[in-house]
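Please prepare a short briefing on the metal ions and the ligand in this structure. Keep it brisk, and group the points by topic.

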Amino acid sequence: MKTNLSFSAPAEVETDCLVAVVLDRGEKDKTDVYLAIEDKSVQQAAADVLGTEATGKMLETTLLHKPANLKAKRLLLIGGGKTKKFSSLELRKLAGAAVRGLKSRSLRSFAMITPDGPNAGDAVTAIVEGAFVGNFDSNTYQSDRKDQQIDNLTIIARGDQKNLQNELEEARIIGESQNFVRQLVNEPSNRMTPTILADHAKKMSEEVGLKCEVYGADKIKELKMGAFWGVAQGSDEPPALIVMRYEPAGAPEKPVLGLVGKGITFDTGGISIKPADGMEKMKYDMAGGATMIGVMRAIALLKPKVKVIGIVCATENMPSGKAQKPGDIQTAMSGKTIEIINTDAEGRLVLADGLTYARQLGCTHLVDAATLTGAVVVALGYANAGIFANDDAIYERFSKAMSKAGEKMWRLPLDDEYKEQIRSNIADIMNTGGRWGGAITAAMFLKEFAEDTPWIHLDIAGTAWMEDQKAWIAKGPSGIAVRSLIEFARDFANHR
Ligand code: BES
Ligand code: MN
Ligand code: ZN
């Protein structure tokens, strides 16, 4: 999708469709509907329906053809809800909904007016990012797929041209990177093996100028990654340890941000096999890994002055004659011994060694992302990802990045009490902690491997895949956490 800015009066913009936001200033039962742009021509064109058909209700759309006094062929009014609640979070959804609504009507381009309210830069960012989110569809392999896409998006803005152009370009990089992640996550496991995932990381790295190394079983064993190998040993597909490095000239030696992703390209559960019902979804168990690949892409293009290392531990989790079994003891790279209680708790095993390796490579701050537990879905549902941190300062910084990115995550605790649940009788630690607080005990397990390095863990099991389609986003991979992680990395460059 091409994106460009226009500083013309909306009435003068020649486009297939002009999109304007309608808000409701009213309180409680009273409504007071108005256009979120002070412009006489658009106002006149919308006058007949404002307050009647167009009520300003969030995501409500009213399409007018051949609007009087406008050069645009159509005028789409889209409701943004109550003025008080309207922010760039809502604006992202409106842009996504405009894209989805218009492309399904076979339109290929439109122009959206930045509404008065959020500052102009935030508005441009929200519209571009939201539009990219809306433009993605997951029906890749349908023979009769109409590749309906918006090809051209114009944003009608007011403000400092150079500054807004800059915001637009950055938002485009972020939007494209998020969709790149979603493409990777959408692929089924026969078309997205660890080797193929690594090939995508290599190709992307070449394109944007990152160093990328991919290691196989030999190196994994040589590094003594017994936890990672314990999972990988059960599969005929070779595992891949993907290491991407961003080391810009002029960046300080420290900090070094480490991004570690769970790259299980298919999770059968292993010997502790999962039930058949819904198992097909476990192709998205590499979403955390794909996220880190996409985030590295954006970082390479946005060029913050800070070192970042991206690590993806990619393997299948399979039952086989070579697979690890419950009761087995694995020695992790850090030297800790792990009693395997359930081979379906494999994510924490590959991440344990990923985190240790990141520390060995000199990372001073760590973030991991993983579709780690069903329990986080029980705790938080589909609206919020789970976020954990062993350090309040790093959490505060991540939280800011999260709001800037318009993503929702809810912090869960890591109190010492929970450690009881993963104590083993025979080894240092067990890989499961029983029924209660499953997202937390999984995070407690990881905490043992982050040790004293400031660390954040994102459990995206409930949020990486949209179970239903929404007006602003297709069913399928969501690309959650991509934008927050990019903002977080950029913040690192300004923060010493
Ligand atoms: N990949 C799953 C977690 C998952 C569940 C992701 C649902 C997406 C949707 C993970 O490897 C897993 O199987 N976790 C187990 C852990 C248990 C055995 C302690 C779980 O959540 O049931
Ligand atoms: Mn599992
Ligand atoms: Zn898994």
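Along the sequence, the donor residues of the manganese ion (ligand 2) follow the spacing D-x76-D-x1-E. This is a predicted model. The manganese ion (ligand 2) and the zinc ion (ligand 3) lie 3.1 Å apart, and Asp267 coordinates both.

**The manganese ion (ligand 2)**

- Asp267 (OD), Asp344 (O), Asp344 (OD) and Glu346 (OE) coordinate the manganese ion (ligand 2), at 2.0 to 2.2 Å.
- The arrangement is irregular, because the 6 donor atoms around the manganese ion (ligand 2) subtend angles of 70 to 169°.
- Asp267 and Asp344 link distant parts of the chain. Asp267 sits in strand 10, while Asp344 sits in the loop between strand 13 and helix 9, 77 residues apart.
- Asp267 has a relative accessible area of 2%, so Asp267 is buried.
- Asp344 has 23% relative accessibility, so Asp344 counts as partly exposed.

**The zinc ion (ligand 3)**

- The protein donors of the zinc ion (ligand 3) are Lys262 (NZ), Asp267 (OD), Asp285 (OD) and Glu346 (OE). These donors lie 1.9 to 2.4 Å from the zinc ion (ligand 3).
- In sequence, the donors of the zinc ion (ligand 3) are spaced K-x4-D-x17-D-x60-E.
- The site of the zinc ion (ligand 3) is octahedral, with angles of 78 to 173° among its 6 donor atoms.
- Asp267 lies in strand 10 (residues 256-267), and Glu346 lies in the loop between strand 13 (337-339) and helix 9 (347-360), so the pair ties together parts that are 79 residues apart in sequence.
- Asp267 and Glu346 are both buried.

**Ligand 1**

- Ligand 1 is surrounded by 16 residues. The closest are Lys274, Asp285, Asp344, Glu346 and Gly374.
- The shell around ligand 1 holds 4 nonpolar, 5 polar and 7 charged residues.
- The side chain of Asp344 has an N or O atom 2.7 Å from an oxygen atom of ligand 1.
- Thr371 has a polar backbone atom 3.4 Å from a nitrogen atom of ligand 1.
- Leu372 has a backbone N or O atom 3.5 Å from a nitrogen atom of ligand 1.
- On its own, ligand 1 has 520 Å² of accessible area, and the protein covers 78% of that area.

**Gln149**

- Gln149 is found in the loop between helix 3 (120-135) and strand 7 (152-156).
- Gln149 has a relative accessible area of 23%, so Gln149 is partly exposed.
- Gln149 and Gly117 are 32 residues apart along the chain, and their C-alpha atoms are separated by 29 Å.

Key
Residues are numbered from 1 along each chain as its sequence is written. Chains are lettered from A and ligands numbered from 1 in the order in which they are written. This is a predicted model: local features need pLDDT of at least 70, side-chain atom pairs count only at pLDDT 80 or more; totals for chains, interfaces and linings use all residues. Side-chain values use heavy atoms; hydrogens and water are left out. Donors are N, O and S atoms within 2.8 Å of the metal (3.2 Å for Na, K and Ca); water is not among the atoms, so sites may look incomplete. Four donors count as tetrahedral if all angles lie between 85 and 135 degrees; four count as square planar and six as octahedral if opposite donors are over 155 degrees apart and all others between 65 and 115; anything else is irregular. Helices (H or I, at least four residues) and strands (E, at least two) are DSSP runs, numbered from the N terminus. Buried means under 20% relative accessible area, exposed over 50%, partly exposed in between (1.4 Å probe, protein chains only). A residue is near a molecule or strand if one of its heavy atoms lies within 4 Å of it. A polar contact is a pair of N or O atoms within 3.5 Å; within protein, one must be able to donate a hydrogen and the other to accept it, and residues adjacent in sequence count only if both atoms are side-chain atoms. Accessible areas come from the Shrake-Rupley method with a 1.4 Å probe; for residues, only the protein chains shown count as cover. Ala, Val, Leu, Ile, Met, Phe, Trp, Tyr, Cys and Pro count as nonpolar, Asp, Glu, Lys and Arg as charged, and the others, Gly among them, as polar.
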